[in-house]
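Student: I would like to learn how to read a few features of a structure. Please take them one at a time.

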Amino acid sequence: MNPLYLASGSPRRRELLTQIGVPFSVVSAPIDETPLPDESAQAYVERLARAKAAAGLASVEGPAVVLGADTAVVLDGRILGKPESREDALAMLADLSGREHQVLTAVALTDGQRVQSLSVTSHVRFRAISDDEAQRYWASGEPADKAGGYAIQGLGAVFVTGLSGSYSAVVGLPLSETADLLGQFGVACWQSPAHTPEVTNLQ
């Protein structure tokens, strides 16, 4: 069985892979994440997941399976990326307040011979968020590096009144679908009950 590499710096994705007992190492996969003109959210996340997997494979030697993933928060067809400023984050939270949005997560695996990818769409509903709450949430530091300006697995969970789809996909990796993809590349789940990944080549 070829070793598995996770082409992501996300601690959430590391925790999710560890949760299903898959040993892996982490490699960096810096890519341009700018959306293309008129690119749909699904095409965007799948393109980035494939690009991250390819970049990760290029950085390792020998036979390997590399997993890339990308997550986007989408409201009214608009991709909400990581907030660029306090004002941007507060505007995102105001837009999401009291409404339902979509979270798209794509996963791609490659071993250099083939590439397989898929995307999962989940629907998340928020309760109303007051201006004071949004400002206090920003002050916590959590929204700064999160797509859509919130983390469902963190402090932002208090805003969520409903979820239809995959919780783990909203966090960053749809575990059921990822396990299926890993199986297609000969990587088994439940190899170990706990695993601390080796982090290499991170910048």
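This is a predicted model: local features need pLDDT of at least 70, side-chain atom pairs count only at pLDDT 80 or more; totals for chains, interfaces and linings use all residues.

Student: What span should helix H2 have, and how far apart are its end C-alpha atoms?

Tutor: Helices (H or I, at least four residues) and strands (E, at least two) are DSSP runs numbered from the N terminus. The expected span of a helix is 1.5 Å times one less than its number of residues. H2 has 18 residues, 41-58, and should therefore span 26 Å; its end C-alpha atoms are 26 Å apart, in agreement.

Student: Which residues of helix H4 are buried, and which are exposed?

Tutor: In H4 (residues 131-139), Glu133, Ala134 and Tyr137 are buried. Seen down the axis of H4, they fall within an arc of 100° (taken from the directions from the helix axis to the C-beta atoms), so they line one face of the helix. Asp131, Arg136 and Ala139 are exposed on the other side of H4. The packing partner of the buried residues is helix H3 (86-96).

Student: How much space lies in the largest pocket, and what lines it?

Tutor: On a 1 Å grid over the protein atoms alone, a pocket is an open set of points where a 1.4 Å probe fits, with protein on both sides within 12 Å along at least five of seven lines; lining residues have an atom within 4 Å of a point. Grid points are joined across faces, edges and corners, and a volume is the space filled by probe spheres set on the points. Here the largest pocket holds about 770 Å³. Its lining has 38 residues, with Arg13, Lys52, Asp70, Lys82 and Asp145 nearest the centre. The largest share, five residues, comes from S3.

Student: Where do residues other than glycine take a positive phi?

Tutor: One is Asp38, with phi near 60°. Asp38 sits in the loop between strand S2 (25-26) and H2 and is exposed, at 85% relative accessible area. Another is Trp190, with a positive phi of about 60°, in the loop between helix H6 (175-184) and strand S8 (198-199). Trp190 is exposed too, at 76%.

Student: Is Glu39 buried or exposed?

Tutor: Glu39 counts as buried, at 17% relative accessibility. Glu39 lies in the loop between S2 and H2. Leaving aside neighbours within four places in sequence, Glu39 is in contact with Tyr44 and Arg47.

Conventions. Residues are numbered from 1 along each chain as its sequence is written. Side-chain values use heavy atoms; hydrogens and water are left out. Buried means under 20% relative accessible area, exposed over 50%, partly exposed in between (1.4 Å probe, protein chains only). Contact means heavy atoms within 4.5 Å.
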